[in-house]
Amino acid sequence: MNPIQSLIKDLADQYGRKRESLLPVMQGVVQREKFLSEYAMVEIAREMDIPAAEVFGTATFYSFLETKPAGKYIIRVCKTITCAMKGKNQLMFAIQDMLKIKPGETTPDKRFTLLETNCLGWCHKAPAMLINDEVYTEVSPERVREILSKYMKENI
Amino acid sequence: MDKKVNMTINGFPVEIKKGKTILEAAEDEGIKIPTLCYHKDLCVAGNCRVCVVEVVGQKRLSAACATPCEDGMEILTNSLKVRNSRKHIIELILAEHNSDCTKCYRNGNCELQELASEYKIMTQDFIELAPLKNYTIDMYSPSIIKDDSKCIRCQRCVRTCAELQGVNALTVAYKGDHMKISTFFEKAMNDVVCTNCGQCVNHCPTGALVEKTYIEEVWGAISDPTKHVVVQTAPAVRVGLGEEMGMKPGERVTGKMVTALRRLGFDSVLDTDFTADLTIVEEGTELLTRLKKALVEKDKSIKIPMITSCSPGWIKYIEHLYPDHLDNLSTCKSPQQMFGALAKTYYAKARNIEPEDIVSVSIMPCTAKKYEAHRPEMHDSGYRDVDYVLTTRELAIMVKQAGLDFDKLAPAKFDRLMGDSTGAGVIFGVTGGVMEAALRTAYELVTGREVPFENLNIKPVRGMEGVRKATIKIENPLEEWAFLDGVELKCAVAHGLVNAKKIMDAIKAGEADFHFVEIMACPGGCLGGGGQPIPTNPEIRQKRAEAIYAEDANLTIRKSHENPEVQKLYKDFLINPLGELSHQLLHTKYTKRERF
Amino acid sequence: MAYSYQLKRVDFIFRNENDWEKVLSATIKKKPDEIINELISSELKGRGGAGFPTGLKWKLTSEAKATTKYVICNADEGEPGTFKDREILSKVPYKVLTAMAVCGYVTGAKEGFIYLRGEYKFLEEELNKVIDEFEYYCKEINLDFKIKIFMGSGAYICGEETALMESMEGRRGEPRNKPPFPTQAGYRGMPTVVNNVETLVHTWTIFKYGAKKFYDLGVQYSRGTKLFSVSGDTPKPGIYELELGMSLQDFVYEFGDGDTKAVQVGGASGFLVPRKKFKDTAIGYEGKLVGISLPTGGSMMLFNSSRSMFNVLDNYLEFFREESCGQCTPCRVGCQQLLLGIKAVKRGEKPANYLDKLLKLTETMQLTAKCGLGQSVANSFSSIVGNFREEMIY
């Protein structure tokens with residue numbers, strides 16, 4: 001069994017193999033692998049006896065279940081109205097300038113993926129962004145450079 | 001005493017059985033509420049919102065298909081609010097739809113077209129979204145074309161593939177404005193678990209899912225003076241073709257169909273029922289041989305139950321989802337493929353025609369047959385056994401293109417050599433038919449007596465329930481089959497792939513004690529196939545079934561082994577069932593496939 | 001003539017009270033009917049935005065005939081401008097859990113779930129710790145009630161109760177047909193109570209302090225207090241618990257930056273109120289009291305004169321276009337038409353009166369869409385286009 005297969009088996013053992021366990025299992029795979037590859041989806045389908053097309057259809061519904069290859073750190077910048085009013089565009093420019101990628105893209109060293117997302121629930125401290133599960137609020141272009149630098153020093 | 005509900009529809013008081021939806025209640029009262037995502041075969045979706053009606057006192061309109069009737073409701077099906085809303089909804093659907101109807105295969109038989117025409121949608125004030133989207137067309141499959149630009153996202157195909165067929169090749173993917181009907185990872189239909197059964201095509205209201213047509217290729221072959229074009233027709237076609245010609249469901253048009261085919265220019269009009277009879281002889285012998293090997297010689301490599309193999313949708317299904325059970329399948333080809341192999345060998349020799357000059361065409365109620373004809377192993381004659389497969393719908397198009405007034409055609413008989421058939425052959429078109437035909441022959445082979453059912457009508461295997469079982473006790477067999485004395489031959493019949501799953505799961509779990517199983521991919525059997533006239537529903541399929549059994553009852557010979565042309569085939573060519581030539585031409589192998 | 005209510009700040013929700021164990025065991029000593037009647041007489045209405053009477057919801061579920069029932073806490077807070085539920089779950093989660101357990105006791109449910117949106121995953125660990133402690137206490141007082149967190153994965157529509165249940169059952173979050181309603185057939189087909197986080201905390205207040213304390217706050221038809229999430233052009237962004245029934249004018253006096261052009265009440269699915277209507281608008285549920293009453297999940301976004309209302313509407317429509325589940329025609333296609341429509345009018349590709357066509361379209365969406373998302377797009381569209389038409393065109 002390769003790593004993905006054993007991960008999926010462990011997740012299925014933990015959450016169950018009924019249809020209602022599909023979301024926790026997929027979340028578990030995304031947590032570690034950062035996205036759901038075609039291979040992962042087929043294995044989930046096999047392990048849980050769910051049609052592969054159903055796994056795909058369900059995964060693509062949820063914005064946080066990426067089906068395209070993603071980097072180790074997924075940056076999600078909020079683009080809803082209050083963050084848009086409070087400097088989200090400058091923030092995006094700063095990130096794009098620093099990482100040299102556009103929204104939807106991943107850096108060549110597979111470290112960062114830049115995405116836009118909708119209201120994160122921090123409107124009183126806009127602009128807000130997520131890096132994986134960490135929340136950063138009141139992020140100015142200067143501060144985001146500091147934040148990203150820290151992530152750049154991490155080992156992949 | 002059914003509980004009744006009192007309400008008014010458009011001001012008229014009505015009494016409705018409790019539990020009915022507004023849509024059903026209106027239908028009972030003779031009021032047609034337009035629908036798109038609703039279908040009698042499928043669960044209620046309630047997503048197109050075309051069937052909205054006004055319930056007086058409620059702020060919002062309600063979907064008639066999804067709202068149960070309640071006491072005191074006042075329904076308005078055609079108020080100004082309802083009409084304006086419906087118009088908007090149709091306009092919205094048209095805005096994201098490829099409205100180039102003249103270029104569409106379903107031009108003239110499209111539910112969206114009907115609706116737009118009914119509501120006289122003459123202008124499009126909204127912004128055309130279709131040009132802004134990157135719609136794709138999937139033409140890779142030899143059977144089905146999926147054109148996303150015509151999809152109205154009613155999800156009928158997804159529900160069909162999931163509920164009716166249990167294949168789940170199609171799903172809804174993404175959300176918001178990206179929402180679409182898709183396969184696993186947006187792969188081509190040909191690259192996923194799609195069985196080509198075509199039920200999605202039957203249930204699609206527009207031209208988003210259609211069969212791949214070979215009409216022009218067949219016209220080309222017919223017009224080619226150097227080619228000898230042979231056509232075979234499946235049993236279910238003769239009870240469905242009439243619907244495409246304006247007749248009521250259940251009309252038997254066999255004779256007219258033959259005349260029409262001749263007038264179209266086919267050089268020889270022959271009958272798939274002939275090879276259906278042949279299949280019975282081969283398969284019946286195979287079954288008895290297997291039983292002998294399994295029960296007497298205790299050969300563990302022989303798998304029981306033996307399952308029929310004439311439905312190519314079923315074959316692809318088992319190859320994908322139960323690849324470890326391929327040995328349960330009969331090795332017999334389907335009647336279509338047996339015919340194809342014989343056309344370019346037996347027939348060619350008898351008629352003194354070079355096989356490479358023969359073009360073998362079949363008319364089928366089926367879209368999976370197009371895939372079957374393309375399967376790489378189907379060239380045992382030395383050439384492609386079946387060159388082109390046309391659906392019942394395509395034949396109707398050709399008849400109309402030739403300007404034939406179908407109703408006025410005088411009935412005619414099939415050509416000789418491979419045109420004779422028995423009642424057992426024609427019932428292949430209905431679920432339970434293969435089983436019944438096989439039993440009529442196998443029982444007589446074993447006991448020397450006719451099956452103990454009145455008029456040879458084996459009622460227990462007939463009907464429309466998803467899974468049917470029957471048991472026939474073998475008593476006083478002929479000496480050769482003495483080992484079957486006292487054996488209760490257990491048979492099962494399933495139609496619709498979702499019922500095939502039930503049987504296969506039972507076999508997998510070791511709980512199936514059947515000897516012989518018939519599985520048809522399509523609801524109702526071939527008569528409900530993916531290539532049959534649209535629309536389809538349980539009533540129409542029932543009528544077609546009655547027509548098939550009537551056709552059987554009217555034939556003089558009703559047992560496959562008594563078909564004189566089949567007997568001649570063995571005498572002159574094949575020699576023995578399961579003989580060497582039979583194995584070469586009439587039997588096949590299967591392929592294990594991925595589960596997605 | 002409008003009444004003017006002073007903004008009355010209250011402090012029930014975030015009051016850090018350590019006596020949840022006492023409150024729980026005292027409440028479940030009462031008969032279920034007593035508790036339900038208490039809730040009904042308090043006139044508490046759902047605080048997620050829809051405003052369904054909570055007592056009635058619990059009553060219907062408890063009367064439903066089934067062996068298994070469920071309680072679900074809807075923590076899929078996603079409405080733009082709303083962030084109160086996050087605060088509740090970080091600061092006073094035990095109030096939510098207690099309320100869920102009482103609901104379980106009243107309705108007969110033995111299992112409770114918290115559907116937590118994926119964007120709040122950082123709350124999961126702490127919340128699980130509190131749940132462990134809570135379940136331990138339940139065992140001690142012989143209350144058969146377990147709570148589990150179910151994580152969402154980034155879908156605004158899963159805040160709709162039937163879409164939420166679809167998501168919990170492992171499927172796409174596509175809203176179901178109603179009827180049947182969740183109180184009859186909900187999660188796994190069983191009677192289910194789906195309540196917003198804040199609603200549950202208010203039931204705690206009622207259990208501890210009694211219905212009258214709650215009822216005495218607020219105004220007719222809009223009893224009690226509400227958490228307001230204030231953001232945008234304001235010197236005081238944050239979460240505030242205020243009595244219902246206040247006039248928008250008073251609100252802007254308190255929270256505006258002196259140049260408030262408009263206030264979006266209720267998030268993208270709510271209404272935009274222009275300055276000239278502030279004094280005629282009160283915040284609450286059905287109201288005969290003051291000019292217009294706007295039901296709300298509590299999101300209040302203030303815009304000053306530097307903001308373009310076109311950009312605001314554009315942002316909302318972009319949001320709906322992406323977050324719609326895509327199932328039903330009016331919402332899926334309608335949202336796209338509205339967005340492209342206003343862009344076309346702005347660019348001059350369509351005449352100004354095309355806006356009227358779009359307004360008619362939103363009426364149809366309101367009447368025919370399958371769920372609240374499609375039905376509510378009309379609110380912001382008609383209020384913004386209606387009040388700031390020039391900004392849509394020039």
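Predicted model: local features only at pLDDT ≥ 70, side-chain atom pairs only at ≥ 80, totals over all residues.
**Exercise 1. A helix pair in chain C**

Classify the packing of H1(C) against H5(C): roughly parallel or oblique? Then list the residues that meet.

*Solution.* 
- Step 1. Get the geometry. Helix H1 (residues 20-27) of chain C packs against helix H5 (residues 93-107) of chain C at an angle of about 10°. Their axes are 10 Å apart.
- Step 2. Apply the cut-off. Angles under 35 degrees count as roughly parallel. H1(C) and H5(C) are therefore roughly parallel to each other.
- Step 3. List the contacts. H1(C) brings Trp20(C), Val23(C), Leu24(C) and Thr27(C). H5(C) answers with Tyr94(C), Lys95(C), Thr98(C), Ala101(C) and Val102(C).
- Step 4. Sort by class. The contact has six nonpolar, two polar and one charged residues.

**Exercise 2. The two faces of chain A**

How many residues of chain A are in contact with chain B? How many residues does chain A give to the contact with chain C? Find the elements behind each face.

*Solution.* 
- Step 1. Start with chain B. Twelve residues of chain A contact 13 residues of chain B. Helix H3 (38-48) and helix H4 (52-59) of chain A each give two or more residues to this side. The largest share, five residues, comes from H4(A). By class, this side has seven nonpolar, two polar and three charged residues.
- Step 2. Move to chain C. The contact takes 30 residues from chain A and 38 residues from chain C. Helix H2 (22-33), H4, helix H5 (81-85) and strand S4 (134-136) of chain A each supply at least two residues. H5(A) gives the largest share, four residues. The classes here are 16 nonpolar, ten polar and four charged.

**Exercise 3. An annotated span**

What does UniProt place at residues 81-120 of chain B? Describe the span.

*Solution.* 
- Step 1. Read the record. The unreviewed UniProt entry gives "domain: 4Fe-4S His(Cys)3-ligated-type".
- Step 2. Describe residues 81-120 of chain B. The span is 57% helix and 0% strand, and its end C-alpha atoms lie 17 Å apart.

Terms used. Residues numbered from 1 in each chain as written. Chains lettered and ligands numbered in written order. Contact = placed C-beta atoms within 7 Å. Nonpolar A, V, L, I, M, F, W, Y, C, P; charged D, E, K, R; others polar. UniProt positions renumbered as here; feature names shortened; annotations may be inferred. Axes fitted to C-alpha atoms, helices over the stretch in contact; angles between N-to-C directions. Parallel < 35°, antiparallel > 145°, perpendicular 65-115°, else oblique.
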